[in-house]
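Please open the model in your viewer and keep the selection tool at hand.

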Amino acid sequence: MRDVEIGLGKVARRGYHLDDIAIVPSRRTRDVDDVSTAWQLDAYRFEIPCVAHPSDATMSPDTVAALGRLGGLGVLNAEGLWCRYEDPTEILSTLSEVEAEVATGQLQRAYAEPIKPELIADRVKSIRDAGVTVAVRVSPQHTLALAPVILDAGVDLLVIQGTIVSAEHVSTTDEPLNLKEFIADLDLPVVVGGCTNYQTALHLMRTGAAGVIVGVGADEWSTTDMVLGIRVPMATAIADAAAARRDYLDETGGRYVHLIADGGLQTSGDIAKALGCGADAVMLGEPLSLCEEAPAGGAWWHSAASHPKLPRGSFGEAGPPLGPLDRLLFGPSDDPEGQLNLFGGLRRAMAKCGYRDLKEFQKVGLVLDR
């Protein structure tokens with residue numbers, strides 16, 4: 001991609017958001033009943049390419065299990081309220097009604113309670129007892145301390161997720177997490193991220209990760225760009241990571257790493273465009289807060305919104321519930337803007353373009369429309 005001169009001493013790449021692109025149908029259409037939205041991460045098969053953002057606003061042990069039964073992958077936050085309090089429902093109810101002006105302080109106080117390892121084990125057991133794939137998220141800073149507890153509890157997938165995760169963290173004060181050594185010692189697949197460019201994606205793939213999260217979870221409530229100045233348009237970030245995956249596939253003689261797009265995904269059309277850019281699945285946060293089962297009653301916040309020193313995310317009220325989780329994912333819909341029947345909309349997009357599965361759909365044509 002050609003650089004753009006922004007001044008005599010600096011050039012920048014041009015990037016594109018999902019809103020800047022559109023899908024181009026091929027010469028063929030296909031019956032929607034012949035389309036499959038299934039994908040497989042290591043040994044685990046999912047009927048829809050949906051991974052939940054590990055926010056307490058949407059993911060409790062019950063909603064993790066509910067999403068799993070519906071064919072997606074719920075992710076519980078090992079540093080969240082469910083692993084700090086025996087029963088955080090009253091706290092979540094209070095947060096659902098808090099005024100936006102004081103919400104950040106309220107979140108910080110709620111998350112000041114220490115993480116309790118025994119609760120991590122209890123939550124994992126309850127999800128496992130539900131008969132779904134068990135995935136738990138931990139931040140890079142707490143991976144070495146919490147990973148033994150999480151692994152002993154018996155998870156299927158470990159998600160190491162921060163705003164930005166690199167394969168090479170440099171520190172002169174603390175022992176940094178060596179992702180490559182850490183992953184090599186594990187007998188379960190690990191998903192890592194986020195990342196926003198080709199080089200970082202490639203380095204994360206070389207750690208042995210089964211999946212890489214692309215993006216920083218940016219939506220209308222994210223303040224990462226205002227606080228850190230970091231913002232990479234999602235369409236460009238996904239396409240760059242897809243190029244890294246292609247090169248890594250050649251480098252390793254066939255090892256495929258899955259890409260999970262996280263950020264700016266609100267509608268079924270956004271999901272289709274993210275997959276068309278090269279993602280294998282999408283990480284949904286705010287859209288899931290609109291289901292009736294969401295534990296925060298329609299309120300929404302990012303995992304980083306409660307950071308004790310540098311919060312990065314506003315407290316948001318996504319709106320009144322649109323319906324139960326199964327309707328949000330599969331319809332029927334009475335919403336003409338794509339917020340309901342998210343994966344029915346994806347199936348329809350794939351059918352209109354003539355593709356039968358997600359791998360084929362990654363080849364769909366795209367056009368700039370802005």
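Select the lining of the second largest pocket: by class, seven residues are nonpolar, nine polar and seven charged. Here Ala, Val, Leu, Ile, Met, Phe, Trp, Tyr, Cys and Pro count as nonpolar, Asp, Glu, Lys and Arg as charged, and the others, Gly among them, as polar. A pocket is an open set of points on a 1 Å grid over the protein atoms alone, where a 1.4 Å probe fits, with protein on both sides within 12 Å along at least five of seven lines; lining residues have an atom within 4 Å of a point.

The model is predicted: local features need pLDDT of at least 70 and side-chain atom pairs pLDDT 80 or more, whereas totals for chains, interfaces and linings use all residues. Residues are numbered from 1 along each chain as its sequence is written, and side-chain values use heavy atoms, without hydrogens or water.

Next, centre the view on His17, Ala218, Asp219, Gly263 and Gly264, which lie nearest the pocket's centre among its 23 lining residues. Strand S11 (211-218), helix H8 (224-228) and strand S12 (258-263) each give two or more residues to this lining; S11 gives the most, with four. Helices (H or I, at least four residues) and strands (E, at least two) are DSSP runs, numbered from the N terminus.

Now display the open sheet of eight strands, in the order S6-S13-S12-S11-S10-S9-S8-S7, with parallel pairing. Two strands pair if DSSP finds at least two bridges between them. At the edges are S6 (50-52) and S7 (76-77), each pairing on one side only.

Finally, select S1 (residues 3-7) and S2 (residues 10-13), an antiparallel pair with four bridges.
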